[in-house]
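Here's a model to pick apart together.

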Amino acid sequence: MKRSLLSLLRSPLDSSLLELEATELRDEEVVSGWMNDSCGNKSPIVDGVPLFAEAQGDDETFAFKWRLIGDSYGHADESHKRRQDWYLQRFGFGTRDRLIEFLGPKRLALDAGTGTGVDTAMFAESEATVVAIDINRDAALSAYGHLGHLPNVNILQTDLRRLPFPDGAFDYI
């Protein structure tokens with residue numbers, strides 16, 4: 001987790017500001033630690049990923065799909081181009097350049113249900129800060145493994161029904 005993300009985050013339980021308790025840092029990355037809210041609730045940071053919905057992180061509904069597609073989906077050569085082309089056509093952009101142009105004025109984008117982070121990787125080519133979330137812990141950790149090194153990408157494990165962000169925070173979802 002990048003330290004800069006802290007200013008955006010709120011408790012998914014009571015919307016209070018969070019306090020960072022870092023136990024391992026690597027430059028500006030928080031590798032492990034805790035996010036603490038004003039009511040005493042603690043969310044762990046594991047391998048660079050804040051786990052805001054730790055109890056739901058192994059939900060079988062999402063774990064089934066994750067087991068089918070695996071860690072490298074969309075990053076391996078055979079699926080990378082096919083997946084990006086699908087996204088660009090499905091959402092009417094046609095080309096990567098048109099997507100990047102569209103994202104140009106956006107400052108903060110949310111990729112909800114990031115999986116392995118394929119869409120996050122495309123969004124990150126713009127200058128926007130990209131926050132990628134997934135309820136599945138393995139998916140979030142995998143996306144972080146692929147993309148956590150990018151300066152404008154943040155990965156979280158959280159429940160879409162209890163987001164740790166203030167209302168209206170994102171320019172693109």
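**Sheets, cores and a pocket**

Four strands make up an open sheet in the order β1-β2-β3-β4, with antiparallel pairing. This is a predicted model, in which local features need pLDDT of at least 70 and side-chain atom pairs count only at pLDDT 80 or more, while totals for chains, interfaces and linings use all residues. Residues are numbered from 1 along each chain as its sequence is written, and side-chain values use heavy atoms, with hydrogens and water left out.

Q: Why do β1 and β4 count as standing at the edges?
A: β1 (19-26) and β4 (49-50) each have a single partner strand, so one side of each is left without a neighbour in the sheet. Strands here are DSSP runs of E with at least two residues, and helices are runs of H or I with at least four, numbered from the N terminus.

Q: What makes β1 and β2 a pair?
A: Two strands pair if DSSP finds at least two bridges between them. β1 and β2 (residues 29-36) have seven, in the antiparallel sense, so they pass. One place to look is Ala22, whose bridge partner in β2 is Gly33.

Q: Why is β6 called largely enclosed?
A: Because five of the six residues of β6 (residues 129-134) are buried. Buried means under 20% relative accessible area (exposed is over 50%, partly exposed in between, with a 1.4 Å probe and protein chains only).

Q: Which strands pair with β6 in the parallel sense?
A: β5 (residues 108-112) runs parallel to β6, joined by five bridges, and Leu108 has Thr129 as its bridge partner in β6. From β5 the chain crosses through helix α4 (residues 118-123) to β6, a right-handed β-α-β crossover. The label means that, with the strands pointing away from the viewer, the path from the first strand over the helix to the second runs clockwise.

Q: What makes a set of residues a nonpolar core?
A: The members are buried Ala, Val, Leu, Ile, Met, Phe, Trp, Tyr and Cys residues joined through side-chain atoms within 4.5 Å. The largest one here has 21 residues, and Tyr87, Leu99, Phe123, Ile155 and Tyr172 have the most contacts inside it. Its largest share, four residues, comes from α5. A second, separate core of 17 residues includes Leu8, Ile45, Leu108 and Val131.

Q: Why is a space called a pocket and not a cavity?
A: On a 1 Å grid over the protein atoms alone, a cavity is a set of points where a 1.4 Å probe fits but cannot get out, whereas a pocket is an open set with protein on both sides within 12 Å along at least five of seven lines. The largest pocket holds about 710 Å³, a volume filled by probe spheres set on grid points joined across faces, edges and corners. Among its 30 lining residues (an atom within 4 Å of a point), Ala112, Gly113, Thr114, Gly115 and Asp134 are closest to its centre. α1 (60-69) gives the most to this lining, with four residues.
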